Amino acid sequence: MRKIILLIRRLLALSVLLGFTALFTGYGLKHFVFLAKLQFWPAVLASSAITLGVIIALTILAGRWYCSILCPLGILQDIAYRLKPHNAQQKMPAKIRRISRLAFLLAFLAVGFLGFGFSWFEPYGLFGRIATALSFTLTAGIAIFTLAIWKGRVWCNWTCPIGTILGLLSRFAPFRLKIDSSKCIGCRKCEKKCRASAISIQGKGGKIDSALCVQCRDCTVLCPKGAIGALLASPETREEARPAANENAEVIERRSFIIGTAAIGAALIAEGADEKIFDGGLADISAPGIDSRNASLKPAGSRSIKNFQTKCVGCQLCVKACPNHVLRPSKRLKDFMQPEMAFDEGYCTIDCAKCSHICPAGAIEAIPSSQKQNIHIGQALWHLDRCIAATEGVNCTACFRHCPVNAIERVEGPAGAMIPKIDVEKCIGCGACEHVCPSRPMPGITVKALEQHRQ
Amino acid sequence: MKSKRNISRREFITGTTKPPEITGPMTMREDNKGNKISLLGYGAMRLPTKDGKHANTWAEGVSSAAIDQDAVNEHVKFALEHGVNYFDTSPAYCRGESERVMGEALSHHPRNSYFIATKLSNFAPQQYSLEACKELLANSIKALRTDYIDFYLLHSVGNGGFETFSKRYIENGAIEWLLEERKAGRIRNLGFSYHGDPKAFEWCIEHHEQYHWDFCQIQMNYVDWLHAKEVNERNLNAKYLYETLAAKNIPAIIMEPLLGGRLARFNYAVASKLKSMDPDSSIASWAFRFCGTYPNVLTILSGMTYKEHLIENIATLSPLKPLTQSELDTLEEAAQLILQNNSIPCNLCQYCMPCPYGIDIPGVFDNWNKACIEDRLPIDSASERHSENREIFLNELDAQIHHLRQPEHCIGCGKCVSHCPQRIDIPKKMEEIDVFIANLRKEARHA
């Protein structure tokens, strides 16, 4: 029976991880997006009562199952832990650990409630960033993975705020794992193997700290006497088993974020091959510069920049899913790694609301794609000193032709050529004009973000 | 012997069942001065590059790819050994590299064993002056490592309208100067290549008594023969051009016998028609034999990027097997089928390039035409293969053309229009394709 439960647990975990892999490699967006919606903190942000209810109930009754079958970062660490045999006793300084857990939980909540986003230590978002190989979080990913090979679930029990919350909930779970002292022979196999350092054996018997136990259930099968289980005939004798006084405190290396700021491609203006002499070849091109906007642009469905920043966990799922390559993670500290819009590779097409349908955290609320044309997320601004129709008198019709809501008219310009005139009532800020504008290094027409999206 | 019916569908569509064999000597034609010229002329507009493309090609990163001089040397040697003795280049070709490369390749062979044709390619207004024209000729002579040019052409007469023609050659006195150069022997034969405004062609023909054109280069193939006007009403049919020249006894040199390769690759219907005549003949061979059938054709130019092209074309014309009337009729039927698909009459000559805003014009058109030829243009959303075709179309587009070089980024400035010898309204086509692609992408997003 124990073996079967363990097998089911492992199979579930593996399929969830595979599902997430498919999700973040872009092959299974349609089929696996439900996994993202089952994540704990995104569900809190999206106020999805059913998901939360199920997870909380499960945790209160049976402990941190969530950590070993639903959390992709946790499953990843379990796999890492299997890479190396573990026979030494796992001793962690409990006091420092408690302080660390509390500190990270408070930091996480503080950063979030101050409006900088709950993205910093949230495990699902972190997994998403690692899975999409976002350069600076890749370092964090390698650190967590390496740590997991040697010491198991260190991240989960020292840092993870969700782990801490679920740990609190599972404290008195009736179906948590327990050691039957009548069967225990004190061989300490379970204690040595425990990836969460949750077991402490004293004499013949011991205690499993359900706040630390991630329900991997390896010990239930490992125990030669079958002394560990969730349903025990005779419960453990020592309720309050204290960890040994002299612990070898180990210094846990903290991962550090290296905040790299990549210089965005040097812009070169298309070589003015005005009067051609030779045939063939291609003029040099450069991507349009990315405008340093008044504020970062957020997709339709976000309601407001503030709403987005409060709810987004930075999992990068929308970045991955955007068919127009408009979304990318911010590099600023205040909304670090939360997606924002840029139009150098495409623009936000009027028929597409994909990101709103996949966001698990409610940062981008689901909108019907037919509604998109009515949601104003930004406002196009024209620049006299950049637009080539004004500066060079080039007969350009790019923005005018591409505006999906016909917000651009052409009027007499200073250099003879027609220049765009923007109808602010019509413009929804989709960025089509900014994307197709040939002016370099910066586009002659750019989108200003609206703090509050308008309908 | 292999049965003529025993060929696979793929062979049937794409090529010959047996490798081309050179069975005899190259057919030679004589011009009015008694020069013996090979019916196949070597065109130096599509020279091979080291990355295995041709030098006028449109692929990303081409600007750094140098022309493969070794391959050109080898091609020229092979061509000369097999009777090809006419080499056509221009100071504008291959981003200005063609003459120099050809000069190097030809310098290994005796000067009297071949004829060089090059052109007064004064397209830019700053080259309109007589001094600039003189400099162009002097540069050509130097680059080609010679003292004289056998065949010198006014390049693309009529392109950009009669006014441009007048500015380039008449008002600046260039034509009078060229007559003197011909007298002095620095130019042995004077002619012109014609594209575009019919007025310029008529003017040149009317002034034949005055200038005594030694030859004229025209675009001729079995589609343009009767249908050039259908493709674009501003064109003249090749039949008219050819017959006008024949009446004046001006030898015709043929360009675009294959329409930039478009007559070498066909959809099932057209290929079936050609293969029904002779399954062993390649698709391209019909185009060469068509031109060669007309006796006033002096030579047929072909830009043969790969040696396989060269061997095949030499084999086709060594010796020429003129077409029978029934074969000509079948080609006319094929031409009518070709006109029925949605292809764009772009021959990838790259005269429009570089687009100052970086658009890959020939690349976009080629991508479109490829879809037409392969019967997979995703134009009919009711078709059961539509979504598959759409995916192929978009994948090919994105794989071959950088997104900033796609039609979406055409600003409609129209600077390319006057350069196109096929007189395609490029900005209009770009806008149409842009809308077409935007719709495909939209469908793909909702699929």
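**Note on the predicted model**

1. The model is predicted.

2. Chain B as a whole contains 18 helices and 10 strands. Of its 447 residues, 50% count as buried. Among contacts in chain B with a separation of 6 or more, 75% are between residues 24 or more positions apart.

3. The C-alpha trace of chain B spans about 70 × 60 × 40 Å along its principal axes. Why may the radius of gyration of chain B be said to agree with that of a compact globule? For 447 residues, a compact globule would have a radius of gyration near 22 Å, and chain B has 22 Å, so the two agree.

4. The two chains touch each other: 28 residues of chain A are in contact with 36 residues of chain B. On the chain A side of this contact, 15 residues are nonpolar, six are polar and seven are charged.

5. Chain A is divided into domain 1, residues 1–259, and domain 2, residues 305–454. The centres of these domains, taken over C-alpha atoms, are separated by 41 Å. Domain 1 of chain A gives 24 residues to the contact between them, and domain 2 of chain A gives 24 residues.

6. Which elements of domain 1 of chain A give two or more residues to the side that touches domain 2 of chain A? They are helix 2 (29–37), helix 3 (40–45), helix 7 (94–116) and helix 8 (123–131) of chain A. The residues of this side of domain 1 divide into 12 nonpolar, nine polar and three charged.

7. A final point concerns confidence. The mean pLDDT of chain A is 84, and 89% of the residues of chain A reach 70 or more. Over residues 236–274 of chain A, however, the pLDDT is below 50. In the model, this stretch has 62 contacts beyond near neighbours in sequence.

Definitions and conventions:
Residues are numbered from 1 along each chain as its sequence is written. Chains are lettered from A and ligands numbered from 1 in the order in which they are written. This is a predicted model: local features need pLDDT of at least 70, side-chain atom pairs count only at pLDDT 80 or more; totals for chains, interfaces and linings use all residues. Two residues are in contact if their C-beta atoms, placed from the backbone, lie within 7 Å. Ala, Val, Leu, Ile, Met, Phe, Trp, Tyr, Cys and Pro count as nonpolar, Asp, Glu, Lys and Arg as charged, and the others, Gly among them, as polar. Domain bounds come from an automatic or database domain assignment. Helices (H or I, at least four residues) and strands (E, at least two) are DSSP runs, numbered from the N terminus. pLDDT is the predictor's confidence in each residue, from 0 to 100. The radius of gyration is taken over C-alpha atoms; the globule rule is 2.2 Å times the number of residues to the power 0.38. A residue is buried if 20 or more other C-beta atoms lie within 10 Å of its own, exposed if 12 or fewer, and partly exposed in between; C-beta atoms are placed from the backbone.
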